[in-house]
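User: I have a model open and want to go through the chain and its ligands. Can you take me through it?

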Amino acid sequence: MKKPRQDGSPAALVDAAADLARLIDGEVRFSPHDRGLYATDASLYQVQPLGVVIPRSREDLLRTVCFAVDYHLPLLARGAGSSLAGQAVNRALIIDCSVHLDRLLETDVEGRTCRVEPGLVLDQLNQKLTRRGTGLMFGPDVATSRHANLGGMIGNNSAGAHSILYGMTVDNLIGLDVILANGKEARLEAGASERDKRLGRLTQDVAAVLTRHADEIRRRFPKTVRRANGYNLDRLLDQYEAGGTAAMNLAHLCCGSEGTLAVTSAATLKLVPAPKRTGLAVLGFPSLTAALEAVNPILSTQPAAVELIDHLVMRTARMNREHAADLRFIESLAADNGPAVQAALYVEYFAASDEELREQLAALARLLPGMPQRHLTKPSEMQRAWALRKAAEPLLHAVPGLRKPITFVEDTAVDPARLPEFVAAFDRIVKAHGTEAAYYAHASVGCLHIRPLLAPGDADDRERMQRLAEEVTDLVREFGGALSGEHGDGRVRSPLLERFYGREICNAFAEIKRLFDPKNLLNPGNIVGPAPMLTHLRVNPNPHELAESAPDDRAAGDEGGLAFPDFTPCFDYSDQHGFPGAVQQCNGAGVCRKRGEGTMCPSYQATLDERHSTRGRGNALRLAITGQFNAGRLDDSIWNDAETLKTLDLCLSCKACQAECPSNVDIARLKAEYLNQHYETIGRVPLKASVVGHTRMLSRLASAAPRLSNFVANSGLARSLMQRLCDIDKRRGLPPYRPSLYRWHSSHRDGQAASVETPTVVLFADCFTTYNEPELGVAAIELLEAFGYRVLLPRVGCCGRTMLSVGMVRQAMRTADRTFAQLEPYIRDTNCRAILFCEPSCAAAFRDDLLSLRCQTDLELRKQAAAKAMLVEEFLDKAWEGHALHPQFAAPTGRIALHAHCQQKAVLGIGSGSALPARLFGERFTALDTGCCGMAGAFGYRPDHYELSHKIGELSVLPAARLLDAADVLLAPGTSCRHQIREGANVQALHPAQLLRQLLVGTEARGKPRR
Ligand SMILES: Cc1cc2nc3c(=O)[nH]c(=O)nc-3n(C[C@H](O)[C@H](O)[C@H](O)COP(=O)(O)OP(=O)(O)OC[C@H]3O[C@@H](n4cnc5c(N)ncnc54)[C@H](O)[C@@H]3O)c2cc1C
Ligand code: SF4
Ligand code: SF4
């Protein structure tokens, strides 16, 4: 094979990409933009990789490694990229194993083992094991289990809250199939050295290193339950001393090596029985010290986990809408007339029976008499309590101010018995540097997450970070602890290893590295040969690196720092520390890569492509807006970056990230802002966007002559033209136009007398209800009247939702101002109880988007409008006690199921749609746990979105619709959801108001709209 120039230049990379693409079935991506999306993980760092490979198979993986070896390209195998220490970013060819290499290959239930590919997600493994009825699970349970890959867990030697029972990943690893740095495959396991001559030589060489440094290994390696620093020399030495080279398992050396020794292609894992019963005790303490002092005695009761949260976590929880209620539960644990709770311990027990569980909890109560504690055994209660503990990390990001709890000394581990004195000494260091820290997590194994508050964007704080890290390293050594108990070395701790372990052990690490990877191609610079800690920080990037306008290996210096364009945003970002804060909001933890639960992120769930995850979009926007695709230039071209526009294109603006991303990253808002700036710099709104944005005006015109409009709109010629000019796919049915709801209202309700005491509500006439489905508006009006309301239908205009969805934000602002002017009398009128909506996305506009738009209308008025804006069904439930009338409803014949609209779930909450049917239909009603339907307004109409739109629908909504019986009713408040369900599952979903109107007893419909 001809080897191209390897000078790291873009031209050489393009050559390499073309060669590699010919060799494998998977994808090869070498554009600066694609690489930029893999330049970060969940750490503080940013490094532009050489390229990205997405292998389709083990063969692809092997060919890629051989190719890199042949071409002398550094390699970094990667899973979900949720690492916190910077070990998942590098100037290397990144191999993304998470997309296709995600199979459970074998399960041996009797032997309690399984074999997996490296890209399999931990939760998916455990779900598969449960579905197959094995009663088994993988023991180590990382907090990122929804998206962390087994390959990444092995790379980091990960562990979770139950490590006191199950240990770390290495304790549960039987063997690895790997590709070595010479491109050869090998199976690493105990006894491999006897079967395979090559491995026999390698094992002997490793044994020679171990024996040479045995005394120092015994002296310097900590004896803690948790350790994730350096190579596992102590474990290998134990094995060698117990049974010679035959007993050595090189898989255990690779585990925790952060991809620096070999590339994993499969792993054989031990499984453990899933617990039959679990119970949780939550204990409140008046101080952090009191909580820490209780840990060691509690361990004598043999719990499965002991987890801590401190006052800083509690303080941030108090400010959080979702978790404030969970916190009250903990606050109520204060002793009678005693001081307030300042820290809490979660003590969990696993048992074989209810009786055993009761006994365990009773033993805890006996151990700590008089200590306020609550015992939970119901799954729902435990889940709620755990929700607060699990939210600790993201909650801390909400600490006000620029200093945030950053990750660099965040997982030290010491003997749990020494935690109180260790934490006191740690706290002294932190305070001496003029800041404070949050303390939480795995108290049972002495591995606390300790996050000092610092602002890495500030040069002084960066300096503090370095000194603090060094002092903490010395402190941990003094306590015989581990510098990292779970997150590993990466870029942040590798530079501290020599200080921690000493020169000799670091030399031993380097010898091991040379044995496995003599050319230093595998994730170089991690564990061995690191760069200084403050190099390549994300907040301080090299402006030339991503745009590749200069040699790439220049380290970013203090003169750098992120720069932002000077422009007036359309939205107010004060809730996210301004526009720069919003653009940097994503911490890279990767929750948006979860699969099969929640809604975030529909396009990722359907494509499994990093580019189409919330994180991918967040990264693309940050890099584009800070000029990093542009060599640091902040001119207009930052808003015209074609690749960024492409990355944003598959965002459905569903707003799920706003609700489900723990850091509240709001891509829908940033996308609208970016598109708006894009249109302004190019001086026009493209026709395709304009057609969607002006839906209301076009619908009004079409609805004036509906028959003609429908005839024309459905003609072959018009469909072809619409596909070509307006991006409306021919395969999609268009919603028919109808005489408007206004017409029906003026002929049936105008001039109707009502007493002044009759409570009034306004029905907001959204585009779809008004011009496409007026019968829905009629049902809503008649339903509200049945409850004793007078329903007004003023011509107030549009909420601007369709404009916002395509980024016509300036136009949306003007539209919103006009609408608020028309609505003002109703907003201010105290007799007008509410402004009601059939369409959830329009209600969400009033409750969310219009509040953060920098439009002219007074913010107070907008807030008053938001307070009155509700869905029809939401209002009927919330105001239940105050209705003048309470009509009767017939019992439905089948079950009632609700699929809520994405923006409804994100902004209004699922309760907005489920509370009323639950009240009226009790057990017959279910709120489905469905995600996005894939239609999302006009998104699914576009020819280039058609397939993806259906794929998203097939993830949960369409299968759920098909499962319903003929007598069942599917409720879908969103117009686009009903459309998608009709086309995709051939099921006619109803709006809740339609069903309720149908079931009203003794009230005849008083007038139907004309067809
Ligand atoms: C909010 C948060 C909470 C966390 N909680 C925990 C926790 O409770 N416990 C814990 O241990 N960690 C935790 N982590 C860290 C991280 O999520 C875990 O270590 C996780 O197991 C990493 O999995 P990943 O798929 O994201 O791996 P990645 O980050 O993609 O990779 C991790 C390392 O493994 C290597 N690697 C990946 N695949 C391969 C392969 N095929 N061959 C060779 N090397 C490979 C990579 O090169 C990298 O060095 C947390 C992180 C965050 C952001
Ligand atoms: S978008 Fe949110 S969930 Fe996704 S990585 Fe960023 S912070 Fe995490
Ligand atoms: S708005 Fe929806 S599609 Fe867009 S990034 Fe957020 S979750 Fe994903």
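Analyst: We can start with the overall fold and then turn to the ligands. Keep in mind that this is a predicted model.

User: Fine. How many helices and strands does the chain have?

Analyst: The chain has 46 helices and 25 strands.

User: What radius of gyration does the chain have, and what would a compact globule have?

Analyst: The chain has 30 Å, and a compact globule with 1011 residues would have a value near 30 Å, so the two agree. Along the principal axes, the C-alpha atoms fill a box of roughly 100 × 75 × 55 Å.

User: What percentage of the residues is buried?

Analyst: Buried residues are 63% of the 1011 in the chain. The accessible surface is about 37,900 Å², and carbon and sulfur atoms account for 51% of that.

User: And the contacts? What share comes from residues 24 or more positions apart?

Analyst: Of the contacts with a separation of 6 or more, 75% are between residues 24 or more positions apart.

User: On to ligand 1. How many residues surround it, and which are the closest?

Analyst: Ligand 1 is surrounded by 36 residues, and the closest are Ala-77, Gly-79, Ser-82, Ser-83 and Ala-159. By class, that shell splits into 16 nonpolar, 16 polar and four charged residues.

User: Which backbone atoms sit by an oxygen atom of ligand 1?

Analyst: There is a backbone N or O atom of Gly-81 at 2.8 Å from an oxygen atom of the ligand. For Glu-258, a backbone N or O atom lies 3.2 Å from an oxygen atom of ligand 1.

User: What about a nitrogen atom of ligand 1?

Analyst: A nitrogen atom of ligand 1 is 2.5 Å from a polar backbone atom of Ala-159, a residue already listed among the closest.

User: How much of the accessible area of ligand 1 does the protein cover?

Analyst: On its own, ligand 1 has 970 Å² of accessible area, and the protein covers 96% of it.

User: Which elements give two or more residues to that shell?

Analyst: They are strand 3 (75-78), helix 5 (150-156) and strand 10 (263-270). Helix 5 gives the most, with five residues.

User: Now ligand 2. Which residues are closest?

Analyst: The closest are Cys-586, Gly-590, Cys-592, Thr-614 and Cys-661, out of 13 residues that surround ligand 2.

User: And how does the shell around ligand 2 divide by class?

Analyst: It has seven nonpolar, five polar and one charged residues.

Definitions and conventions. Residues numbered from 1 in each chain as written. Chains lettered and ligands numbered in written order. Predicted model: local features only at pLDDT ≥ 70, side-chain atom pairs only at ≥ 80, totals over all residues. Heavy atoms only, no water. Near = heavy atom within 4 Å. Nonpolar A, V, L, I, M, F, W, Y, C, P; charged D, E, K, R; others polar. Polar contact = N/O pair within 3.5 Å; in protein donor to acceptor, adjacent residues only side chain to side chain. Areas by Shrake-Rupley, 256 points an atom, 1.4 Å probe, with all protein chains shown as cover. Helix = DSSP H or I, 4+ residues; strand = E, 2+ residues; numbered from the N terminus. Rg over C-alpha atoms; globule rule 2.2 N^0.38 Å. Buried < 20%, exposed > 50% of the residue type's maximum accessible area, 1.4 Å probe, protein only. Contact = heavy atoms within 4.5 Å.
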